[in-house]
Amino acid sequence: MTHTDHRPRICFLGLGVMGNAMLRNLVAHGYDVAGYDVSPAAYERLAGVDFRRAGSPAEAAHGCEVVITMLPTSAHVHEALLGPDGAAQALAPGHMVFDMSTGDPAAVDELAQELASRGLRFLDAPVGRTPQEAAQGKALIMVGGSPEDAAEAQPIFEAMANEIIHIGPVGSAIRLKLVNNYMSMVTMVLTGEALMFAAKLGLERSTVVKVLSNTVAGRGQLLTNYPRKVLAGDITPDFPIRMGFKDINLAMNLAASIGAPLGLGGYAREMFALAKSWGRQEQDCTALLLLLEDLARVPHHAPPAAANG
């Protein structure tokens with residue numbers, strides 16, 4: 001694969017829900033694609049799509065210049081690329097591998113090193129957003145690797161996504177993807193706790209959803225208070241941690257009185273309580289970020305204006 005108008009032939013390994021959508025988009029954009037999956041049903045779901053169906057990863061990679069993996073675990077990726085019938089054996093030095101799975105960062109690092117020892121170039125490129133958005137070509141792709149390799153891969157990524165962000169060197173994208181997934185899974189529980197709490201209080205579900213969809217709580221701190229306050233370097237109190245501690249205590253006491261289990265609330269209350277010992281109780285609630293960074297021994301980031309000044 002070189003910096004020319006040549007359109008590389010692509011081997012796609014893993015034709016599940018996300019892989020199915022991504023392969024369809026590659027074919028729709030005129031790419032010559034070979035695909036492989038261990039499940040016969042995966043091929044059935046792609047009936048009518050013009051791609052070469054292979055019997056093994058190595059067979060799929062034969063004649064291709066790019067291999068894309070979208071598989072359940074890093075172990076599956078390793079087997080598909082480096083196993084007895086692995087795709088890597090069919091690639092020539094200089095060809096590229098994109099691991100678009102959500103896997104273990106240490107395993108991704110090891111894979112990158114092994115492929116490099118074979119003269120192959122590697123990008124970790126996990127995908128954000130939903131299968132429905134992927135089907136529409138509106139995925140978000142995070143890319144870890146050299147700027148040159150990321151730029152060369154850009155047209156392929158653009159066939160599958162409408163937002164491609166180069167995160168940094170190899171391994172950085174999968175690490176950011178796991179930060180994202182951590183936030184997603186915790187807010188899954190938080191949202192469930194909040195709706196359960198409201199139901200336990202006898203509040204009508206649709207009304208609760210309507211109200212929470214139009215408050216900072218429902219819209220998310222990262223889109224509302226955080227950019228305006230702590231991320232901008234302003235922790236003067238719009239709403240001080242001291243008052244947040246009072247409010248979470250009131251909510252937790254109410255939950256206890258009706259038998260509503262709020263596990264995340266217990267942890268959050270402890271973080272609010274720590275602020276007094278750290279002299280942060282009169283700072284804005286978003287300064288909890290600084291408290292957590294203190295606890296983790298993470299240096300505080302300068303706000304954008306200060307960083308540029």
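Trainee: Is E65 buried or exposed?
Mentor: In this predicted model, E65 is buried, because its relative accessible area is 10%, which falls under the 20% limit.

Trainee: Which residue forms a salt bridge with E65?
Mentor: The partner is R9, and the closest N and O atoms are 3.5 Å apart. E65 belongs to the loop between α3 and β4, while R9 sits in the segment before β1, so this pair ties together parts that are 56 residues apart in sequence.

Trainee: And R9, what is its relative accessibility?
Mentor: R9 has a value of 38% and therefore counts as partly exposed.

Trainee: How many salt bridges does a search of the whole structure find?
Mentor: The search finds twelve. One of them joins the side chains of D238 and R228, at 2.6 Å from N to O. R228 lies in helix α11 (225-228) and D238 in the loop between α11 and α12 (241-258), so the pair ties together parts that are ten residues apart in sequence.

Trainee: How accessible are D238 and R228?
Mentor: D238 is partly exposed, at 48% relative accessibility. R228 is likewise partly exposed, at 45%.

Trainee: Which residues are linked in a network of salt bridges?
Mentor: The network links R228, K229, D234 and D238. Within it, the side chains of K229 and D238 meet at 3.4 Å, N to O. K229 counts as buried, with a relative accessibility of 2%.

Trainee: Which residues does T286 touch?
Mentor: Leaving aside residues up to four places away in sequence, T286 touches N225, Y226, K229 and V230. T286 is located in the loop between α13 (263-277) and α14 (288-295). T286 is buried, its relative accessible area being 3%.

Trainee: Changing topic, how many aromatic pairs are found in the whole structure?
Mentor: The search returns one aromatic pair. F98 and F157 form this pair, which is tilted, with 5.0 Å centre to centre and 45° between the planes.

Trainee: Where do F98 and F157 lie?
Mentor: F98 is in strand β5 and F157 is in helix α7 (residues 147-158), so the pair ties together parts that are 59 residues apart in sequence.

Trainee: Now helix α4: which of its residues are buried?
Mentor: In α4 (residues 74-82), the buried residues are S74, V77, A80, L81 and L82. Viewed down the helix axis, these buried residues fall within an arc of 160°, so they line one face of α4.

Trainee: What covers the buried residues of α4?
Mentor: The cover includes the strands β1 (10-13), β4 (66-69) and β5 (96-99), together with the helices α3 (57-61) and α5 (105-117).

Trainee: What separates the C-alpha atoms of N180 and R53?
Mentor: The separation is 34 Å, and the two residues are 127 residues apart along the chain.

Terms used. Residues numbered from 1 in each chain as written. Predicted model: local features only at pLDDT ≥ 70, side-chain atom pairs only at ≥ 80, totals over all residues. Heavy atoms only, no water. Buried < 20%, exposed > 50% of the residue type's maximum accessible area, 1.4 Å probe, protein only. Helix = DSSP H or I, 4+ residues; strand = E, 2+ residues; numbered from the N terminus. Arc of directions from axis to C-beta. Contact = heavy atoms within 4.5 Å. Phe/Tyr/Trp six-rings, centres within 6.5 Å; stacked < 30°, edge-to-face > 60°. Salt bridge = Lys/Arg side-chain N within 4 Å of Asp/Glu carboxyl O.
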